[in-house]
Structure formats: C-alpha cells, structure tokens
Protein chains: 2
Amino acid sequence: MAYTYEYPRPAVTVDCVVFGLDDSADLRILLIERADDPFAGHWALPGGFVDMGEDLDLAAKRELEEETGIKDIFIEQLYTFGAPNRDPRGRVISVAYYALVNLSEHPIKAASDARQAKWFKISELPPLAFDHNKVLEMALERLRAKVLYKPIGFELLPEKFTLTDLQNLYETILGQQLNRRNFRSKILKMGLLEQQERQQNVPHRPAYLYKFNKEKYQRLSERLGEFIFEIRFQPRETED
Amino acid sequence: MAYTYEYPRPAVTVDCVVFGLDDSADLRILLIERADDPFAGHWALPGGFVDMGEDLDLAAKRELEEETGIKDIFIEQLYTFGAPNRDPRGRVISVAYYALVNLSEHPIKAASDARQAKWFKISELPPLAFDHNKVLEMALERLRAKVLYKPIGFELLPEKFTLTDLQNLYETILGQQLNRRNFRSKILKMGLLEQQERQQNVPHRPAYLYKFNKEKYQRLSERLGEFIFEIRFQPRETED
DNA sequence: CTAACTTAGTTTATTTTTCAAACTAAGTAC
DNA sequence: GTACTTAGTTTGAAAAATAAACTAAGTTAG
C-alpha cells in the first residue's frame, strides 16, 4: 500500500538514550546492534519510526520495549534532531528521549530488529550510527545539568540505597569529588529521604538504607511553585 | 505534483514563541492572526511547514521572518509537540522554538499568510489556535527556569541599560520583588557588565548605563566548564 | 576475647555568603 | 537656595556552607 501527499514529508523517528549505573557506580548507556542497513552491524541508540496516531512519548516507550525489553522507567523528551542529511535514507527527523534505569532491576533482552542490546561504559563507547554520538552527548549534558536541581538521580538506584551509594552516583555523574559530611547533611536536611533498616553482611559498620519520598517532593513542589532540590558544592581548598 | 511513500508520514511544522519587553517592563508575546483555515481569524504562534532539505532551526527563523519581519534574534529549540489530534488537518508534529527580542529595536510587519502580527501582554492573551496555549505555557516555564542560571535576559533589553532596567526585567519574569542593594552587588560581582556613560534627561539622579560582555561570559564558560550565572534570591522576612 | 581495621554517622567551630539597614551622591523642580 | 527623587556605597548582622575532630558499630585476625 502507498501513501500520497501534495507536498513532500519527512519521516519521523524516536531515539532513546538510556542511562544506567553499574555495580561499581560507573555510568552506562544501553545500545543496540543494528540488524539492517543503513549501518547494519553498527551500534546505535534504540529507536524507530513513529506510528501514525501514536503520541511521541508512547512511540519512544514502545520502541524501547521492543528492542530491549525495558519498560516502566523514567523517560523525558530531550531534543529534536533534524539536520537534512543526518540519515542516508533521506529526510528523517528524530525526536530524542533520555531515560534513567535501575540497572539491576531491569535486565535486558534483545529483540525484533536489533541483533543484541548491551550496556556500554560511558568511557568505552563504540562509534555510533547516524548522528547518535551527538545525541548522546547532549543527553549527558542534560543529565549533568538536571541532576543539580531535580531529584532524578534516584531513578538510577534501587529502591533502598545508602547515602554512600547516592554520593557515588553524584560523583560519577558530575565527575567531581564531594565532601562526605557536607553531602550527608545537605541531603538529609531536605527531609525527602526516609531511613530504613541497616545494611546486612558488610565487613564494616553497616550503613542505614534510605528511600526517596517522591510523594513528599511532589507535594512540596506544588506548594512552593518549585521546590529546588539543590545539589551544588564549591570545594574549598584541600579536603580530608 | 504528488509525493508517494510506502508508509504514512506526519507533516512537520515549526512554531515560535517570541518574548518581548515593553516600555513598562511588561512581558509580551508576538502572535499572528491566521488568514486561512483551520482557525482562520484566530490568533496563533507564528510558524509553518518545514521545507525538505531545510534544517529545523532555519525553518523556525524563516517562518518568523516571513510572518513578522523579525530576524537576527536569540532563538532556541523548546520542545516537540506530537499529540495525534493536535491539528484538525491530520497528523502534524510541531517543533516549537522560543525567541527573545528587544522590542524597541525590532519593529514588526505582518506578511504572507498572516493577516497581522501583534504584541500581546502576557496577562491579556486571547485564546490561541491548536495547542498553542500549551506551547506558550511551556515556553514561559522554560524562560523562568533558564533566566536563573543563564544570562539570556539581556536579549530582551537594548544594548545599553540601567541596573534598574535589568532588575525590573527579572522581577517581571520571575513575578517576584528583589532587593535592590543585593541585586546590584550580586550582578556586578560577576564582572560581566561594563559601565558606560550616564543616563540623560531624567528628572532625578541619572543612573549609569551598562553593557553585557557576552564574549567574556563565553570565555569563562569554556574555561570553567560552566560559568553559572546565578540569579536566585530567597527573600528573608520583610523588606525596606 | 581483644586489638586492629573499616566504614558510618555526629558535633562543633570557622569561614564565606547573603541580606538589610543606614548613609551618601547627583540630578530636577520650584 | 530647599525639597524631592532615584542612584549607588558601606557596614554589620544573620544564615549557610564547609572542614575538622570525634564517636559508633560492625568484621577480621590472632
């Protein structure tokens, strides 16, 4: 079947930059190996064509699940890439999304038009298909900027985590060491973490586990116009 | 002439939310009256269809100039709106932009497929065509958020301005009174404003005019990864 | 059992920043 | 001249951020 229009139209796709955090608190990106041309055999961001009658957000979620099996995660629109020659097949405009995943609770399974899906360390990325390197770079920039004033980092952690886990997360994303004592007091002073039981089976004093209280954050945000979850540190001279 | 594709494709448009500041430091939005259906006679954001082979940013700038005569201004991508039924003509995906204009230096002239273009006070907006009310709301949100950490407010002012002008701008955008003395010292401490001559013909002590040093800001941003232009004030108790 | 070790978590003092008040300055209007 | 208006500075007090020293709670080795 064919579709005919009076004026030429671009094709529209969605692409997802999925971030995860591994056991050593390293940041990782989920990539798929393309099965078909163009760029068959190359690594690329998961994504695909938007269906007619399908909302953009839904298209992003659908493609992600089809290609990697991952669903029910934090996902947000990033930017729309529309350089005329970004795709050798012709004019293709791509609406990019970025997503945050708790790596341990969302195992991946490759599927459909992808040969395989794999988590890559951010420091060991292969060259990517299309303009996906640029997309990824912008996603990373956005993540670094947003984590400073929105509590989205928790999406990368399991439900219960220690303050050390949380600090490692921020240090990884921001690429900067933070002062342990100040991090603790700053985070706890916000009153958005709920203390749980202690850790078990660790060869040292066990830390308390915490849960992020999302409902409370949302209530405060609504009431104050904007509750600013501010994580920003100016390191002063030396440290410890 | 007709264009045929194997799969159906959405049409892609761009829309621009253009902000300006009037003489009384009120925030205004530039709207056009639509000449054709759908929504003929209604007010809408300037915009139109993306040409094949034309980059998205260029399409936004071109449409803006065609419909209002405005060019060479600050413009940045906002968000892409793609709800399946947002346009009665069928599936139309719109890449929205927002722009900041110095009102006095950019007079408007309506043209082409718009009957007229007009600046509306943000508090006196007419109902808009399509989902443009939603687009506008998001642009306003973005402007309020971005003005806190990027020096984009200067785009709304003439080249030379007083500190009182600048403060009025921030008070308008943020919808909040700021302390005069702290505003002065905070802004000047950044070292990005260059003092010029004094005001003339004002019925009181004339203020110094200032210029924003964009080059210096860019140099600092590159060197420090991110120079944070932070304007944030927590009012403490009463005031003056 | 005890001492050594490791990471967790608290208290406190100091430095830095933020904020508001009182004050001085420079013009116009009468 | 005097009164009035807005511009701009100096200063001290309050709050917040930061670093240091200290205490706590577990494991492991002997």
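A:Phe130 is buried, with a relative accessible area of 16%; buried means under 20% relative accessible area, exposed over 50%, and partly exposed in between, using a 1.4 Å probe and protein chains only. This residue sits in the loop between β8 (114-121) and α2 (132-146) of chain A. (Helices are DSSP runs of H or I with at least four residues, strands are runs of E with at least two, and both are numbered from the N terminus.) A:Phe130 also has a positive phi of about 50°, although it is not a glycine.

Before we go on, a word on what you're looking at. This is a predicted model, where local features need pLDDT of at least 70, side-chain atom pairs count only at pLDDT 80 or more, and totals for chains, interfaces and linings use all residues. Residues are numbered from 1 along each chain as its sequence is written, chains are lettered from A and ligands numbered from 1 in the order in which they are written, and side-chain values use heavy atoms, with hydrogens and water left out.

Back to backbone angles. Most residues other than glycine have a negative phi, and most peptide bonds are trans. Over in chain B, B:Asn201 has a phi near 55°, a positive value in a residue other than glycine. You'll find B:Asn201 in the loop between β9 and β10 of chain B. Is B:Asn201 buried or exposed? B:Asn201 is exposed, with a relative accessible area of 79%.

Now for the peptide bonds. The one from A:Asp37 to A:Pro38 is cis, with omega near -5°, and A:Pro38 lies in the loop between β3 (27-34) and β4 (43-44) of chain A. In chain B, the bond from B:Asp37 to B:Pro38 is cis too, with omega near -5°.

Next, have a look at helix α3 of chain B, residues 163-174. Its twelve residues reach 16 Å from the first C-alpha to the last, close to the 16 Å expected at 1.5 Å a residue; the expected span is 1.5 Å times one less than the number of residues. Buried residues in α3(B) include B:Leu163, B:Leu166, B:Leu169, B:Tyr170 and B:Ile173. An α-helix has 3.6 residues a turn, so residues three or four places apart point the same way. What do the buried residues of α3(B) pack against? They pack against β2 (11-21), α2 (132-146), α4 (180-189), β9 (193-198) and β10 (208-212) of chain B, where contact means heavy atoms within 4.5 Å. Just after α3(B), B:Gly175 takes a positive phi of about 65°.

Finally, how do the two chains fit together? The same surface serves both copies, as 100% of the contact residues of chain B recur in chain A. Across the interface, 33 residues of chain B are in contact with 33 residues of chain A. About 2900 Å² is buried between the chains, with carbon and sulfur atoms giving 57%; buried area is the accessible area (1.4 Å probe) that two parts lose on being put together, summed over both. On the chain B side, B:Arg9, B:Met52 and B:Arg91 lose the most area to chain A, together 19% of what that side buries.
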